[in-house]
Amino acid sequence: MIYLDNAATTFPKPQAVYRKWAHAMSAYGANPGRSGHEFSQNTAEAVYQSREKCAELFGAEPENTIFTLNCTQALNFAIKGVARKGCHFVTSDMEHNASIRPVYAAVKSHGGSCTMFEAVEDEEQTVYNAERAIRPNTAALVCTAASNVIGLRTPIRELAALCRRKKICFIVDAAQGAGTLPITLKDGANIICAAGHKGLYGPMGTGLMITDGAYPLNTIIEGGTGSASESITQPDFTPDRFESGTINTAGVIVLGEGVDFVNKLTPEKILAHELTLCRRFCSGAEKIRGIRLYNNITQTNLELYAPVVSFNIGDIPSTEGAAMLSSKGFYMRGGLHCAPLAHKKIGTINGGTIRFSPSAFNTEREVDMLLKTLEKIALK
Amino acid sequence: MTIIYIKSFTQAHKAMSFLQKHGIRCIVERSFDNRAGCGFALKVTDQNASRAEVCALLGSIGVSCDLSR
């Protein structure tokens, strides 16, 4: 098996993550922050240590680093939390459904509206397009750090500066960027939402909402937090405000191990390695007759892309193409990747694409093997 | 022994981690009373650390010593 579906979830995980998982299930089996016994306290301490590691990675305070079940839940907390009556949202035209669906739900329930701006390779033009979409009642700009379909990155720092100037909340969907791209609160985002199981190499069922605390957020889930229990209203302090109910305790402890792995290799080196693989793939694939690339990562445009490449094999529907590759041992995802906007943008809304997304564990040899297989399929 | 009451376990552990980095021994325990409800107590077991010193350190990381018991 050659796994190249890392934009969906990274696999394999580092060995230390597997070891920690086995250890965490038994060593940290009590409910953290609830009971006062030693077992619970030890578990709470392990959760805190992981929270501290995640906070440091994003330049945040531990109490503003909220564990969620995934990036989608974090985006729902952020988007619906900032929504107010009659508010307006701005998003890019390549957002994942994890962003666009909560935006539309928030707009519907608050009698608001949404404007999409076109994200392009020219970063200045992207910022200009975003600025034109902002209105006096805009509550937030919600933008992906990189498209999960074509890998196109958005100018996070420049968009953050724009949002600060306009005094609107900037919510970054870092599902495809956390662990590789330089995304921290220091770059000016107000809220960063990330998956724990993708570029941070943690287990599925983990995510993060990182905030700078500048924008008060309404809650969409309330419940027990193990704190301020005398009150029937939700705590106003974080992370408790957004962590009702028992968290995925083993998962978030193991996530800390994934973050250690990323820090050890460094996000810069992981990104460089994955982009090298994308470049190799694009360079080989564009020479194969019948292969169509929807984003071509080359030496000259590396800084514009996250390590994701979309392609198709002739007129074969993407899901069929992905199934053919699967039968040869190459695991990639075909279809719309829960991002219909991005597929509309590149003209593949009817058939989708096959997505090549490597991780720190993939090799050049694996890319060459995929190219040889594609050549054989395309020749038929 | 200095005891500081803190609302959330994250803040309590942040405080403990910070004090321990400064060589001050302390532990976190669950606390409860009829007025303040469930919370957490940071117990500073280090006899050499005064409450004023501890609170000044905690204030620098945004943890307040003022939560009433």
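I first looked up helix H8 (residues 267–285) and helix H11 (residues 364–379) of chain A; their axes come within 10 Å and cross at roughly 25°. Axes here are lines fitted to C-alpha atoms, for helices over the stretch in contact, and angles run from 0 to 180 degrees between N-to-C directions. H8(A) and H11(A) are therefore roughly parallel (angles under 35 degrees).

I noted the source next. This is a predicted model, where local features need pLDDT of at least 70 and side-chain atom pairs count only at pLDDT 80 or more, while totals for chains, interfaces and linings use all residues. Residues are numbered from 1 along each chain as its sequence is written, and chains are lettered from A and ligands numbered from 1 in the order in which they are written.

I then listed the contacts (C-beta atoms, placed from the backbone, within 7 Å). From H8(A), A:Leu277, A:Arg280, A:Phe281, A:Gly284 and A:Ala285 meet A:Glu364, A:Val367, A:Leu371 and A:Leu374 of H11(A). By class, this contact has 6 nonpolar, 1 polar and 2 charged residues, with Gly counted as polar, and Glu and Arg as charged.

I turned to the sheet. Chain A has an open sheet of 7 strands in the order E2-E8-E7-E6-E5-E3-E4, with mixed pairing; strands pair if DSSP finds at least two bridges between them. Helices (H or I, at least four residues) and strands (E, at least two) are DSSP runs, numbered from the N terminus. The edge strands are E2 (65–68) and E4 (113–117) of chain A.

I checked E3 (residues 88–92) and E5 (residues 138–144) of chain A: they run parallel, joined by 4 bridges. A:Val90 has A:Leu141 as its bridge partner in E5(A).

How values were computed: Parallel < 35°, antiparallel > 145°, perpendicular 65-115°, else oblique. Contact = placed C-beta atoms within 7 Å.
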